[in-house]
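Please read this briefing beside the sequence and the structure. It goes through strands, aromatic rings, cavities and single residues in turn.

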Amino acid sequence: MPPSHSPAPTPRDASLTSSALSRRRFLAVTGGSVALAAVLPHLPAAAAGDAYDTLRTRWADIVTGGDVDPADPVFAPGLQALNDSAAAHYNSLDRSTGRTALWSDLPIGSSHPSANITSTAKRLKTIAVAYATPGGVYIGNAGVAADVAAGLQWLTDSIYNTGQSNKGFGNSYDWVIGAPQAWGDAACLVHSSMTSAQFAAFGSAIDHFIPDVSAKNMPSGFGNIGANRTDICQAVIVCGILNKTSARISTAVSALSAVFPTVRSSDGFYADGSYIQHGWVPYTGSYGAVLLGGLSRLFSLLAGSGWAVTDPARQNILDAVQRSYAPFVYNGLLMYGVCGRGNSRGLMAGDTSGVQYDEHTSGHVLTAHILRLAEGASATEATAWRRMAKGWTDRAYWSPYQQDKALPLSYMALVHKLLTDQTVTGTPEPVEHRVFGSMDRAVHRRPDWAFTVSMCSARTTFYESGNGENLRGWHTSNGMTYWWRSTSGNGQYDDAFWPTVDPYRLPGATNSRKALADAAGGPWGQTRPTAVWAGGVTDGTYAALGQHVQGLESTLQGRKSWFCLDDSVVCLGADIRASDGTGVDTTVDNRNLGATGPHKFTVDGTVKPTTTGYEETLTGIRWAHIDGMGGYVFPGGATVRAKREARTGAWRDIHVGSSTTALTRVYLTMWYDHGTDPTAGTYAYQLLPGADTTTTAQRAQNPTFTVLANTANVQAITDTATGVTAANFLAAGTAGPITVSAPCSVLMRESGGTLSVSVADPTRAATTITVTLNRTGYTTASGDEEVSILGLSPVKLLVETGGSEGGPRRITLGTGPSVTAGQTVTLSPTSDAHTRDGSYATTNYGAGTLLDIKTDATGYNRRAYLKFDLASLPAAPRRAVLWLHGETADSTGTQGTLGAYATTGADSWTEPGLTWNNQPALGALQSTAPLCENKDWIPLDVTALVTAAHHGDGIATVALAQATKGLAVQVHSRQNAEHRPFLQVITD
């Protein structure tokens, strides 16, 4: 796929931060800031009643930070960095007549990188920010403003204009986001020194390169979805403000609506909180953060104006703060597992500040985005977010927000406002578990620690490289685990970890040691596994996670599971095999011990050497402990290898635009050596974050958990401390008290006389799964309507997992209303057909293998009908679900909706005789279901319809239609060779 938001790497620009900005950092910054919205006294006053000037002034405040106090020490580092950078750029600016570039190191033209255009615009913006910011070195300097204006005109005269192909050259990003955003921002800041003709030239260029802001792709094929859409709309809106053209602003505001709804495929937010960009890359912390930052600025900019963003679906963005973003923030850091290529950026070449991009700097920026968004949220939301952010800032011991020299002035203004607000008290870390099945990630949080795991499947990529970034991220989704404690380990993955860690021994990962080339697998995450089992189930507190692991450019296969409990995570591996002719490892952990690495390593009570060069095969060990970090228990004893080594690398090794400075860190590594070409490798260990040696030894001596199974088909444990029994089934089978009819994850917890059960299908293949639990004595229950009770002695459940995108279904027995066991009846349609209006109104489509549904203009409307004979039902329905298998099939979009309707009139229609002209009329809507271009099972609740038919003539007709104009949908008919429709009914 073409890169959709991926400019070539350029040196970080120190103009807006005290360190240079990585490209991702720049994306988060240059679109404007989450800043105070006070009008700067030195900026030109807005004309009374001129809405455009009001917005321009407001945008200038957003870009600069508004009335920051240059005397406040908290802003001093940022101001110094801004002034140093602006002065360097201004002093080297070529002002000569006939110049061919504004800076000699940024030549412009088709034979040079297109990134130079963006970099040139960024430098002009830097100077403009120093002109418009209190304390800026050029504040109010009319000559400087005139030079910036002249530079902007030079860009539109020489390169950024309609004389170029509307596809541009080089990286499309520079033409539709990078250059136009920076140009527009700079122009807002030096507006009084510019002319309407200059703005018009910019507007013509914008219209040329972005002819349709709502199009799915730009002329070059550059994807206009997700974070890209927000960035492109920002460029167009600012252009509209400068040119005072309402249509530009209105069109772009309307185009923003495309990023608000949740999706079931491709880029965007998913119902479970996942965020995907580039089709299959988990990117909450990078592109997702860019999107949130852009929307927070635009919502604030346009609030109260005639172009305010009022689409009700914007609430999805507000909901995403706690659904999608907050779970990945811990003590102010933004977890690397959702940052994609960003892991490799670190310290860019030429950056003399020594401030690197890392989890903490990105977490600080995200915090500012959330604080900005809070200004337009409800009082309840704003209070919750500010308290959450205050908790992050309070606990950010490793990288305090106030000391973040990379945080832009505008962002620091919002954070400083929060930090000095004594009325806001921070909330503690939540105790919860979240599974993000649509991007194969999960997060487990406890009062003193947090843990996350990165998996991959056919839905997500092994890793993403591109633009020379993240060259050795090959195994980062092979079950890599990250964990942090509340008061230690917060620099574990930020202290030069990525350039120095062994990329073949990442914590938690199972992989072949087959040598891989830099950027193996191709750019933009184009190589994905074929396995579909990845994800798991949670009850919100505990979890069973699993992965059918495969190797990148490798024959590696294996089964991995993580069972997340109160004070530990139990990790199992089975059926690990490969035929690469090389060794296969599972890394228990690979702890970064810093530059010196003095931490004690204790194994079964014996302290091992603390010097680098230590390496040992530890046979039959029961437990191990790393001082100041945590413990590891190996149930029944295990043979594990361990070593302490100093590793040296440079950021340039994994990112072509980064620093070449050599860095050395000491690592303590423990791993299972499965040998060369293993055929049935296994492992089992328990991670105890924060445990001391005494606790670790005690847990090894008296474990609370028991491994019930660790095979190719099922991995399961039971834990007496929590009452949890959990299993990941790769096939139908039994583990302990749990028996299932299909692959799934099951977590049951027995506590206080109740039995809570959570079930999910990570494969997304089944419609329903039967789960039998060897438990009796329950007569009450409450839970999801998608879980039906088929037996109470033992407990037998029918769980509807189809269409849930791998999400959980839950029920608790021992509480709620009285229940009795039901039975299930499955009915096939006796007839089905679809109809079409217009010139096809007399045509019958009863013999087709697909049923078409669409609401559109005359001649394109289609409906489908299915008929069921209910004579075999033994009793009245408790629940009835129509199961369909299908997809959207429309060139204009991918995300659709399908509705099930009752019909009016007789059920006498026939499959070979049904047409649009004689079809039954639609009755009441029964239910709707979302779907996308990926074929899946679609459940439609038709209980009311079937109940009425059962009491009536015993024939149920279900109509499929759309209430409003929608995308074409195709579902399998009863004539199809596979995945035929059926009606599943639960009765007494």
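**A covered strand and its surroundings**

Strand S24 (residues 724-729) is mostly covered, since 6 of its 6 residues are buried, where buried means under 20% relative accessible area, exposed over 50% and partly exposed in between, with a 1.4 Å probe and protein chains only. The model is predicted, so that local features need pLDDT of at least 70 and side-chain atom pairs count only at pLDDT 80 or more, while totals for chains, interfaces and linings use all residues. Residues are numbered from 1 along each chain as its sequence is written, and side-chain values use heavy atoms, with hydrogens and water left out. Helices (H or I, at least four residues) and strands (E, at least two) are DSSP runs, numbered from the N terminus.

- Strand S23 (residues 714-719) pairs with S24 in the antiparallel sense over 6 bridges, two strands being paired if DSSP finds at least two bridges between them.
- Within this pairing Thr-718 stands opposite Thr-725 in S24, and the two strands S23 and S24 form a hairpin with 4 residues between them, where Gly-723 in the turn has a positive phi of about 75 degrees.
- S24 also pairs with strand S27 (residues 744-751), again in the antiparallel sense and over 6 bridges, and Cys-744 in S27 is the bridge partner of Phe-729.

**A three-stranded open sheet**

- An open sheet of 3 strands runs in the order S1-S2-S3 with antiparallel pairing; its edge strands, each pairing on one side only, are strand S1 (268-269) and strand S3 (281-282).
- S1 pairs with strand S2 (residues 275-277) in the antiparallel sense over 2 bridges, and Gly-268 stands opposite Ile-276 in S2.

**Aromatic rings and charges over them**

- Rings of Phe, Tyr and Trp (its six-membered ring) pair if their centres lie within 6.5 Å, and planes under 30 degrees apart count as stacked, over 60 as edge-to-face and the rest as tilted; by this rule the count comes to 30 aromatic pairs.
- One of these pairs joins Tyr-330 and Trp-484 and is tilted, at 6.5 Å centre to centre and with 35 degrees between the planes.
- Because Tyr-330 lies in strand S4 (residues 329-330) and Trp-484 in strand S9 (residues 480-485), the pair ties together parts that are 154 residues apart in sequence; both Tyr-330 and Trp-484 are buried.
- Ring pairs link Tyr-330 and Trp-484 into a cluster with Tyr-336, Tyr-482, Tyr-493, Phe-497, Trp-498 and Tyr-667.
- The charged end of Arg-528 sits over the ring of Trp-280, 4.1 Å from its centre, and Lys-867 lies over the face of Trp-909 at 4.8 Å from the ring centre; a charge sits over a ring if NZ of Lys or CZ of Arg is within 6 Å of the ring centre and within 35 degrees of the ring normal.

**Cavities**

- A search of the whole structure finds 12 cavities of 30 Å³ or more, a cavity being a set of points, on a 1 Å grid over the protein atoms alone, where a 1.4 Å probe fits but cannot get out.
- The largest cavity holds about 130 Å³ of space, a volume being the space filled by probe spheres set on the grid points, which are joined across faces, edges and corners.
- This largest cavity is lined by 17 residues, of which Gly-337, Gly-340, Arg-441, Thr-476 and Ser-477 lie nearest its centre; lining residues have an atom within 4 Å of a point.

- The peptide bond from Ser-793 to Pro-794 is cis, with omega near 5 degrees, and Pro-794 is placed in the loop between strand S31 (787-792) and strand S32 (795-800).
- Ala-496, although not a glycine, has a positive phi of about 55 degrees; Ala-496 is found in the loop between S9 and helix H15 (497-500) and counts as buried at 4% relative accessibility.
- Glu-805, a residue other than glycine, has a positive phi near 55 degrees and lies in the loop between S32 and strand S33 (809-818), where Glu-805 counts as buried at 11% relative accessibility.

Technical notes. 1 Å grid on protein atoms, 1.4 Å probe; cavity = no way out; pocket = protein on both sides within 12 Å on 5 of 7 lines; lining within 4 Å.
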